Amino acid sequence: MYHLKTEAHFDSAHFLAGYNGKCANIHGHSWKIEAEILGSELQQAGEKRGMLIDFGDFKKAVRRLADSFDHTLIYEKGSLKAATLAALKDEGFSLTEVDFRPTAENLSRHFYDMLTAQGLPVSRITVYETPENCAYYEGE
Ligand SMILES: Nc1nc2c(c(=O)[nH]1)N=C([C@H](O)[C@H](O)COP(=O)(O)OP(=O)(O)OP(=O)(O)O)CN2
Ligand SMILES: [Zn+2]
């Protein structure tokens, strides 16, 4: 089996609604996504011969995903009052609503689903919240 891995970064804010501690406050992280794909067959002909997937294409897909979260406030649907949300939007802040609590675990699953939906043979997505802490999601 061949395994490929690439990584991308984004800086964004989040908070954990209902958390009993400092993470209930809006705070930022320099997030890192590590994406891994696997396959047993390499391309047999043409420009991509000997490659599972061109690193250029793989990297672009992961970077695009990271860029879509960069410098936004990631918030769980229903976790902000309507008036708060309206005020943030009125200020022109970049907001990313997700329908899950934005933990490293849930983000790893979300990124896994997003990249899989693009046709990539994803085996594992690791999300680092801090250089020391990460969660990963692997396909079944
Ligand atoms: N299993 C998880 N636990 C926690 C998550 C998570 O996504 N999955 N997230 C948080 C918070 O978002 C928090 O920002 C990270 O927590 P923590 O490592 O405690 O914070 P610091 O990096 O600031 O650590 P210090 O050692 O206090 O500096 C919480 N838990
Ligand atoms: Zn956090």
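How many other C-beta atoms lie within 10 Å of Glu 129, and is this residue buried, partly exposed or exposed? In this predicted model, the count for Glu 129 is 18, and the residue is therefore partly exposed. The threshold for a buried residue is 20 or more such atoms.

## Overall architecture

The chain contains 3 helices and 6 strands. Read from the N terminus, these elements follow the order β-β-α-β-α-β-α-β-β. The C-alpha trace spans about 55 × 30 × 25 Å along its principal axes.

The chain has 140 residues, of which 17% are buried. Among contacts with a separation of 6 or more, 58% are between residues 24 or more positions apart.

## Surroundings of ligand 1

The shell around ligand 1 consists of Leu 16, Cys 23, His 27, Thr 103, Ala 104, Glu 105, Glu 129, Thr 130, Asn 133 and Ala 135. By class, this shell comprises 4 nonpolar, 4 polar and 2 charged residues.

## Annotated active-site positions

An unreviewed UniProt entry assigns the feature "active site" to Cys 23, His 71 and Glu 129.

## Cys 23

Cys 23 is located in the loop that connects β1 (2-14) with β2 (27-39). Within 10 Å of Cys 23 there are 14 other C-beta atoms, so this residue is partly exposed. The limit for an exposed residue is 12 or fewer.

When neighbours within four places in sequence are set aside, Cys 23 is in contact with Phe 15 and Leu 16.

## Glu 129

Glu 129 occupies the loop between β5 (122-128) and β6 (134-138). Excluding residues up to four places away in sequence, Glu 129 touches His 29, Trp 31 and Ala 104.

## His 71

His 71 is found in the loop between α1 (55-69) and β3 (73-76). The backbone of His 71 has a positive phi of about 55°, although the residue is not a glycine.

Why is His 71 classed as exposed? His 71 has 12 other C-beta atoms within 10 Å, and a residue with 12 or fewer is counted as exposed.

Definitions and conventions
Residues numbered from 1 in each chain as written. Chains lettered and ligands numbered in written order. Predicted model: local features only at pLDDT ≥ 70, side-chain atom pairs only at ≥ 80, totals over all residues. Near = placed C-beta within 6 Å. Nonpolar A, V, L, I, M, F, W, Y, C, P; charged D, E, K, R; others polar. UniProt positions renumbered as here; feature names shortened; annotations may be inferred. Helix = DSSP H or I, 4+ residues; strand = E, 2+ residues; numbered from the N terminus. Contact = placed C-beta atoms within 7 Å.
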